[in-house]
Amino acid sequence: MIVVIDFGSQYNQLIARRIRENRVFCQIEPPTVDIETIQSLNPDGIILSGGPSSIYEKKSPKIDTAIFDLGIPILGICYGMQFMIDALGGTVEKTTKREYGFAGLNIKKSKSLFEKIDQSTTCWMSHGDSITKLPKGFSVTASTDNTPVAAAENIKKNLYGLQFHPEVEHTPKGKQMLRNFLFNACDCKRNWNMKAFAKESIQQIKKTVGDKKVILGLSGGVDSSVTAVLIHQAIGKHLTCIFVDNGLLRLNEAAKLKIILKQHLNINIRFVNAAKFFLDALNGVTDPEKKRKIIGKIFMDIFDAEAKKIQGADFLAQGTLYPDIIESQSAFGGPTSIIKSHHNVGGLPKKMKLKLIEPLKYLFKDEVRALGKTLGMPEELIWRQPFPGPGLGIRIIGEITRKRLTVLRKVDDILIQEIKANGYYKKLWQSFAVLLPIKSVGVMGDKRTYENIVTLRAVTSKDAMTADWARLPHKLLAKISNRIINEVNGVNRVAYDISSKPPSTIEWE
Ligand code: XMP
């Protein structure tokens, strides 16, 4: 296994993910961890992560430097490298040449960490301080124009440093560098899998919860369903899920979910039909942020009231994933979190004075699906495309009425039927329809019509942070369009959205 020492970088979980992708177990520990604990974990290697501090700041995080004498291979990344170099007698200085973003990397030694990598590649830099002198025994293994010491190693002591971030996609050969560390330097074995993760998580949940009770807001989406099943396997009937029907769900959604969730999984679920509250409050509201806020607030109130009926609950579980955390920390792309207020149960733990458990918070969507599979969940649940909390409310542009909801539900149902029938459902991150607040003129059976326009949106994505519009075959688009116009009263025009994220977002509001 690998221990990752968390110096506070926003990319730490990405490091962990990269390690897991190689089927090697990894554990993240704070810098305050003591040497005995590290030794007791018996790691094959240690990674010192990056972090926002400068090593010269008084309060910058530090780890016991005895770590460098354990004889365990160590890779320092960015701040982690600077910390190591400084601790071992090298020099780190503030330079005028800050480097942030892409940089050309010239590799001087195509061995150890850089095996199977071309001499010239790119990397992602993000640092103000730079290393100006290496400790004894170290040599430079790569450099960039602005950073002479972009990588260094002391091969005898198995100590490695990368000034850039190998864990991010922006360093194209970064995965290979990490693989080289795992399998060349640390001699790790590929023997970790989701089964092990499930087992550990279940044990952890049992330990944390004890004989207390847990409440979970279930949406029917992959994340909350997998969270429910995982916690259910740990504590059984001590888990109660609450499903709030906000009146903004897709066609027959609540009924379908009732069957899958309750019957297949035998989990305690309270279904609350609150459609009227939501729809009444949304009456006449057209501003997207207002809609989101109203939906979020009512959800919290209803959930809170329902949860109060459950005696003795101490914990609130949430299906938060790692990208949810990164998005709210604004990695790379800017402050995504304030672009749209996300309606998740964010404010709930505070309001309800419950302790939070988020067993999926280190996982990415594809890992959550793999976990669901390991837990024996039905494919139908695991492979559901994401559906936003505010539901069809943010897919009806303009005013939300029951009539418009009925139109959009029918359109959406046809789209999903065809996407599934043609084998695209699993390939797409999301596919859905948006009802526009404008009408257009058409002609049907020699008669002029003046009806609604819908837009179809289908995107491919890894984690919703970026997305591309799906190149669906014209034949399929034609079929969907024909069916919608023929079968749904009130629609006479279908458009296809060909914008990517960024600069657009996946949802329209
Ligand atoms: P955007 O539209 O920001 O969406 O590109 C990114 C992903 O997040 C989903 N989404 C939400 N999910 N609550 C959720 O649980 C929300 O309020 C919400 N808004 C957007 C969206 O469907 C896409 O997968």
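Predicted model: local features only at pLDDT ≥ 70, side-chain atom pairs only at ≥ 80, totals over all residues.
Residues are numbered from 1 along each chain as its sequence is written, and side-chain values use heavy atoms, without hydrogens and water. Local features need pLDDT of at least 70, side-chain atom pairs count only at pLDDT 80 or more, and totals for chains, interfaces and linings use all residues.

Start with E167. It sits in the loop between β9 (159–162) and α4 (174–185); helices (H or I, at least four residues) and strands (E, at least two) are DSSP runs, numbered from the N terminus. E167 is buried yet has no salt bridge. Buried means under 20% relative accessible area, exposed over 50%, and partly exposed in between (1.4 Å probe, protein chains only). A salt bridge needs a side-chain nitrogen of Lys or Arg within 4 Å of a carboxyl oxygen of Asp or Glu. For E167, the nearest side chain of opposite charge, R18, is 7.5 Å away. Lys and Arg count as positive, Asp and Glu as negative; His and the chain ends are not counted.

Where does R18 find a salt bridge? Its side chain meets that of E169 (3.4 Å, N to O). This pair links distant parts of the chain: E169 lies in the loop between β9 and α4, R18 in helix α1 (residues 12–21), 151 residues apart. R18 is buried, at 4% relative accessible area. E169 is partly exposed, at 45%. Both belong to a network of salt bridges that also links R17, E21, D366 and K462.

Helix α1 also holds R20. The side chains of R20 and E367 form a salt bridge (2.9 Å, N to O). Both residues are buried.
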